[in-house]
Amino acid sequence: MSDSLLQEIPRFFTYYNCIFLLQAAWRTIALSAVGCVVGFAIGFFLAILRITRERHLLVVRIPSIGYVEFFRRVPFLVTLMFMFFTFQVLKFQFSVFTVAMITVCLIASGFVAEIVRAGIESVHITQWDAGEVLNFTLAQKLRLVIVPQAWKVILPPAFSFFISFIKDTALASQIGVIELTYAGKVFNNKGFSAILVFGTILIMYFIISYPLTRFGRWMEGKLGVSKH
Amino acid sequence: MAYLSIENIFASYKDDKPVLAGVGFSVEKGEIASLIGPSGSGKSTLLRVLVGLTKPKSGRVLLDGAPISYANRKALREARDRFAIVFQQYNLFQNMTALRNVTVAPIKVKKRNPQEVEKEAIVLLEKVGLGEKLNSYPDELSGGQQQRVAIARALALKPDILLLDEVTSALDPELINEVLDTIRLLAREGMTMVIVSHEMAFVREVSSKVVFMDEGKVVEIGNPKEILDHPKTPRAREFMAKILRH
């Protein structure tokens, strides 16, 4: 069997197949990267809305809580299907890739919001008091005092979420986005050995996610340690 | 007319029992008023009210005859320019050096010239005996050192009145004196202070006025000798007996 596998390798890694694989990998990377970056930005913002206490901010606080609680509770695949059919019904001419892109941002922001909130709440309340009596604005309290101390609680779960998130983008194949998992199925259906095909896909996922792990470690070293 | 007048302050954390139930007393300029009384009597809450961390339900605070408003953000900010508070747990910013802790508010909030602020901060830190620790982070400092940085941070705001909330209560016994010495120094310079303290010997030494509080009310006011040695009310007598016995 290993003989036939070896014979298959040159037949599999042809120029066009490689291009197809790289395009699929690019879609996986794009979904992951946009999900992580946009998700982090929106999630951070939502977390801050959620921790506000002022009564007049209730109008933004309640929707943000609803948003976070909703998208964290619904399976990724269900959200994806829901968005896909909603856009269809509303006659939006979005490509499946765009639909997947929007969905990953929705989901990532919900999860990140919770991670950031936990990080912010890990900073002792007295740090807020100290900022308050020094007349810091909310933005100054967050930027100068709270967030720098929250990083060490935010970063490890955030990166572990991002890494699992790369894997979750595989679900985009279910609405027809040709990302890595979809590409694997295509090659498998063409008759290539499943071991060869999915082995390759597996290695490509690893290649995508490993640098992110390293980057996470680096960030933790940079922002997440006590300063001295 | 008194420099600081506190008139009939009511405050509560939740809607049940008031923590402050009509507190009032006054403090003259350069005077040191000490608040004493059993825990839960509202001493710390009163200081929190003065800096606007706890909103009073009713009552007035007058500084130099002018009422301080805690109603809106702008008024609150102005009120806080007059007071500075030092907390029991120091509450230094853990992510900043001693020097940065002292300079951050004058630079970022008052928008003052950073070089100038830094020069003043170094002088202040030297004054509290920490000229060698400018670049240390709070977790590299002892409790007493942290508390002295916190005092320097409060002084950097050039407050009219310094509020000290049980500043030695969290310290190991051998570290208490270094903080008390710093407060003595300020007392000699004529700083107006309102002190919440359980260090009775220190209260006796530095205060010009002692306010005994219990259950959110002022029970007795007088000079240290009157209150500590010859309390008139049974409640104060009971408290003194308990606290001076050990």
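User: What is the handedness of the crossing of helix 5 of chain B and helix 6 of chain B?
Analyst: In this predicted model, helix 5 of chain B crosses helix 6 of chain B in the right-handed sense. The residues in contact are Gly143(B), Gly144(B), Gln147(B), Arg148(B) and Ile151(B) from helix 5 of chain B, with Leu175(B), Glu178(B), Val179(B) and Thr182(B) from helix 6 of chain B.

User: And how many nonpolar, polar and charged residues has that contact of helix 5 of chain B with helix 6 of chain B?
Analyst: By class, there are 3 nonpolar, 4 polar and 2 charged residues in the contact.

User: At what angle do helix 5 and helix 6 of chain B pack?
Analyst: Helix 5 (residues 143–155) and helix 6 (residues 173–188) of chain B pack at about 15°, and their axes are 8 Å apart. The two helices of chain B are therefore roughly parallel to each other, the angle being under 35 degrees.

User: Switching to strand 8 of chain B, how many of its residues are buried?
Analyst: In strand 8 (residues 192–196) of chain B, 5 of the 5 residues are buried, so the strand is largely enclosed by the rest of the structure. Thr192(B), Val194(B) and Val196(B) point one way from the strand, while Met193(B) and Ile195(B) point the other way.

User: Which way does strand 3 of chain B run against strand 8 of chain B, parallel or antiparallel?
Analyst: Strand 3 (residues 32–36) of chain B runs parallel to strand 8 of chain B, joined by 4 bridges, and Ser34(B) stands opposite Ile195(B). Strand 7 (residues 161–165) of chain B also pairs with strand 8 of chain B in the parallel sense, over 5 bridges, with Asp165(B) opposite Val196(B).

Notes. Residues numbered from 1 in each chain as written. Chains lettered and ligands numbered in written order. Predicted model: local features only at pLDDT ≥ 70, side-chain atom pairs only at ≥ 80, totals over all residues. Axes fitted to C-alpha atoms, helices over the stretch in contact; angles between N-to-C directions. Parallel < 35°, antiparallel > 145°, perpendicular 65-115°, else oblique. Left-handed = near helix turned anticlockwise from the far one by under 90°. Contact = placed C-beta atoms within 7 Å. Nonpolar A, V, L, I, M, F, W, Y, C, P; charged D, E, K, R; others polar. Buried ≥ 20, exposed ≤ 12 C-beta atoms within 10 Å, placed from the backbone. Pairing = 2+ DSSP bridges.
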